[in-house]
Amino acid sequence: MRKINIGLQLYTLRDETAADFKGTLKKVADLGYEGVEFAGYGDIPAEEMKALLDGLGLKGFSSHVSLHAMRADLQKEIDYLKTIGAEYMICPFLMPEDRPETAEGWTALFTELEQIGKEARKQGLIFGYHNHDFEFHGTVGDSNAFDAMFAETSPEAVQVEMDVCWVQFAGQDPIEYIGKYTDRLPLLHLKDFSKDEQGQMKTLELGQGSVNLPAVIEAADQAGVEWLIVEQDVCQNPPLQSIENSYNWVKENYLSKLS
């Protein structure tokens with residue numbers, strides 16, 4: 001098995017970065033994470049962020065950028081990411097008001113994502129889409145919105161950032177879906193979860209929930225994934241402790257087994 005980079009989605013530490021962005025990044029680096037995926041920049045200018053990342057030995061490889069932000073000023077978002085040396089720009093979520101209600105509406109959205117992705121690619125970035133569960137409910141033509149999105153956009157313009165937690169929560173097989181998008185899946189959110197008494201998702205530290213994480217990592221290796229990204233939407237322990245526990249799981253169950 002080859003070595004896949006291990007990153008952290010900083011949304012997990014949103015309270016910590018709000019209080020001390022720079023200090024939090026140092027703690028992430030000290031734990032052993034190789035890179036971070038941003039969910040906001042704490043009002044830190046791009047040049048300063050680049051110097052901070054370089055000084056910590058962290059790669060700012062990706063960022064979640066809202067569809068609203070890209071619509072408002074796509075060039076601004078691209079410029080920031082290029083300055084910090086990022087490779088990926090990801091649409092992380094569709095707000096309810098942005099979710100089409102008709103097949104024609106979805107087609108128009110797919111066309112917009114294709115255009116964003118082509119512009120990003122032209123300027124040296126790779127654009128992708130990060131799923132939740134709603135993309136798997138309902139139909140767009142003969143498939144769900146997730147599959148329709150990637151059928152109606154080109155791999156050059158729109159890549160996949162798969163969140164295996166949400167795939168499984170939606171009733172789909174994450175292993176099957178990872179294989180389905182081989183060579184179009186550079187980023188994968190490595191997460192774990194259980195369901196609460198109301199049937200809602202309860203995100204957990206790695207190895208504490210129902211996701212077959214070893215099988216996910218094996219499938220990710222075969223699919224050409226470049227970054228496994230640890231994320232926990234809500235932490236039951238202090239978030240810094242949770243990301244340390246999850247990284248320790250990765251070390252014990254993945255990194256230690258690499259030849």
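Okay, let's start with the helices: the axes of helix H2 (residues 46-56) and helix H3 (residues 67-84) come within 8 Å and cross at roughly 30°. That makes H2 roughly parallel to H3, since angles under 35 degrees count as roughly parallel. The axes here are lines fitted to C-alpha atoms over the stretch in contact, with angles running from 0 to 180 degrees between N-to-C directions. Helices (H or I, at least four residues) and strands (E, at least two) are DSSP runs, numbered from the N terminus.

Before I go on, this is a predicted model, where local features need pLDDT of at least 70, side-chain atom pairs count only at pLDDT 80 or more, and totals for chains, interfaces and linings use all residues. Residues are numbered from 1 along each chain as its sequence is written, and side-chain values use heavy atoms, leaving out hydrogens and water.

So who touches whom between H2 and H3? On the H2 side we have Ala46, Glu47, Met49, Lys50 and Leu53, and they meet Tyr80, Thr83 and Ile84 in H3; contact means heavy atoms within 4.5 Å. By class, that's five nonpolar, one polar and two charged residues.

Now, strand S7 (residues 187-190).

Strand S6 (residues 159-163) pairs with S7 in the parallel sense over three bridges, where pairing takes at least two DSSP bridges, and Met162 stands opposite Leu188. Strand S10 (residues 227-230) pairs with S7, also parallel, over four bridges, and there His189 has Ile229 as its bridge partner.

Terms used. Angles under 35 degrees count as roughly parallel, over 145 as roughly antiparallel, 65 to 115 as roughly perpendicular and the rest as oblique. Ala, Val, Leu, Ile, Met, Phe, Trp, Tyr, Cys and Pro count as nonpolar, Asp, Glu, Lys and Arg as charged, and the others, Gly among them, as polar.
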